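Dear colleague,

Please find below the structure we discussed handing over.

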Amino acid sequence: MAATFLTVGSLTSSSINNVGEQLPGCLSLKRVPTHLRFSNGYRTKSASNPNLKAVEIPRQWYNLVADLPVKPPPPLHPKTYEPIKPEDLSHLFPDELIKQEASTERYINIPDEVVDIYGLWRPTPLIRAKRLEKLLDTPARIYYKYEGVSPAGSHKPNSAVPQVWYNAQEGVKNVVTETGAGQWGCSLAFACSIFGIGCEVWQVRASYDQKPYRRMMMETWGAKVHPSPSDVTDAGRKFLQVDPSSPGSLGIAISEAVEVAALNADTKYCLGSVLNHVLLHQTVIGEECLKQLEALGESPDLIIGCTGGGSNFAGLSFPFLREKLAGNINPVIRAVEPAACPSLTKGVYAYDYGDTAGMTPLMKMHTLGHNFIPDPIHAGGLRYHGMAPLISHVYNLGLLEAVSLPQTECFQGAIKFARSEGLIPAPEPTHAIAATIREALRCRETGESKVILTAMCGHGHFDLPAYEKYLQGGITDLSFANEKMKESLTTIPQVA
Ligand SMILES: Cc1ncc(COP(=O)(O)O)c(C=O)c1O
């Protein structure tokens with residue numbers, strides 16, 4: 001498999017024939033010549049292998065807002081409840097990212113230096129899961145777009161690199177952030193090491209304890225890491241007072257990082273999901289994938305992705321949604337969330353804070369309430385009380401559907417996937433894989449040969465203790481804490 005990935009990366013250079021046409025958001029499609037001859041005389045055929053159909057790295061991010069029939073509701077100031085102004089955000093984000101957050105432009109150019117760094121791992125492979133299909137005995141054709149080839153092991157560097165680049169351009173010296181699974185913290189630490197700026201990360205306590213190697217990775221890239229809640233911020237100390245053994249949550253860790261950014265003039269805050277500009281950066285995934293499927297003569301009937309804050313799911317699906325809105329294709333688009341933290345399927349659509357302490361702007365989103373602390377499931381990156389406002393809006397417009405799955409079904413699916421396809425998924429994409437398996441088995445019953453496209457957004461090499469626990473029968477399904485959600489929803493702001 002590794003050799004195939006290397007081949008895809010190296011074949012994007014000018015050494016291959018350009019026989020493709022121009023599509024928005026991407027450079028022209030590059031097809032690999034049917035027979036390749038290397039200096040060692042080795043010959044290979046590209047005709048039947050999707051990984052050998054190379055595409056170039058997109059030069060533009062795609063902004064779905066431009067194409068929506070109804071524009072999303074604006075974020076509000078947390079004190080006045082008035083629509084937020086750019087200057088209200090300038091203590092947290094650099095100007096360019098604030099512009100991207102509010103942009104209605106269809107395409108935004110990716111800076112050359114960012115494209116150059118993307119080239120360390122992009123384009124990422126699109127793989128047909130033939131062995132999984134065989135195992136399931138399904139007539140469905142399953143494809144997965146694999147983002148685990150990045151330095152951090154997931155899709156998260158697609159946004160970390162531009163976020164840090166824009167901060168560095170505007171002279172910012174340090175950035176701070178939260179991390180749930182550790183993937184985002186690693187991605188930001190990696191990007192900061194490239195651009196030479198400081199990085200401090202609040203890692204949710206449950207994941208800090210479950211994943212020491214993620215902390216070590218961040219430290220190797222030069223970041224300082226705190227378990228959250230921590231005793232280094234006011235917000236953290238307050239949460240510790242209430243519950244000294246708190247497992248933490250993304251909402252709490254965000255409060256801590258935002259507090260530090262607000263108090264230090266040379267420090268800005270970066271978020272790994274949820275916001276429009278993060279979803280925007282992730283659209284490189286879907287743009288590449290459109291071209292890769294086109295090269296194979298395939299079009300998806302169903303697109304499936306896991307949703308924490310929604311960035312990998314949006315990144316894969318939004319370019320396809322553009323084509324759907326234009327009437328070119330008609331895939332069903334399905335978000336998959338954990339049964340323990342089901343913001344889309346059980347939450348309310350309302351204005352709420354993005355963090356637990358109530359320091360961020362108010363966003364209209366599907367939320368379980370900012371005080372909801374999800375059970376410490378192993379998919380730490382899916383333990384967020386809200387959903388990206390843009391995904392929430394699109395869901396509200398009826399343009400996508402959502403399901404929630406229990407974690408044992410997800411691990412069961414991941415084991416099937418690992419034992420047929422070889423890759424060990426991070427706990428987050430096990431949700432997308434399990435939903436894909438559900439659908440493939442449905443196809444076995446109905447005889448439909450659907451094309452299912454799924455986001456395999458990260459590997460699970462640092463999540464092996466979770467797999468060990470599952471294999472030893474130590475993982476159970478916790479029933480959703482409905483009462484806890486109801487209580488938490490009583491604390492969301494009452495916006496008219
Ligand atoms: C591998 C992986 N997948 C998915 C997610 C969920 O985030 P998002 O919904 O923004 O893709 C995370 C978050 O940390 C992650 O690490």
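Predicted model: local features only at pLDDT ≥ 70, side-chain atom pairs only at ≥ 80, totals over all residues.

Helix α10 covers residues 250-263. It has 14 residues and reaches 20 Å from its first C-alpha to its last, close to the 20 Å expected at 1.5 Å a residue. Eleven of the 14 residues of α10 are buried, so the helix is largely enclosed by the rest of the structure. Among the buried residues are Leu 250, Ile 252, Ile 254 and Val 258, and also the charged Glu 256 and Glu 259. The elements against which the buried residues of α10 pack are the strands β7 (174-179), β8 (198-204), β9 (224-228) and β10 (267-269), together with helix α9.

Helix α9 (residues 234-242) packs with α10 at an angle of about 145°, and their axes are 8 Å apart. On the α9 side, Asp 234, Ala 235, Gly 236 and Phe 239 make the contact, while α10 contributes Ile 252, Ser 255, Glu 256 and Glu 259. By class, three of these residues are nonpolar, two are polar and three are charged.

The largest nonpolar core has 135 residues. Those with the most contacts inside this core are Val 164, Val 175, Leu 188, Ala 189, Cys 192 and Tyr 269. The core draws at least three residues from each of domain 2 (85-108 + 156-276) and domain 3 (126-153 + 283-489). Leaving aside neighbours within four places in sequence, Val 164 is in contact with Val 175, Leu 188, Ala 191, Cys 192, Phe 195 and Ile 197.

With kind regards

Methods:
Residues numbered from 1 in each chain as written. Axes fitted to C-alpha atoms, helices over the stretch in contact; angles between N-to-C directions. Helix = DSSP H or I, 4+ residues; strand = E, 2+ residues; numbered from the N terminus. Contact = placed C-beta atoms within 7 Å. Expected span 1.5 Å × (residues − 1). Buried ≥ 20, exposed ≤ 12 C-beta atoms within 10 Å, placed from the backbone. Core = buried A, V, L, I, M, F, W, Y, C linked by C-beta atoms within 7 Å. Domains from an automatic or database assignment.
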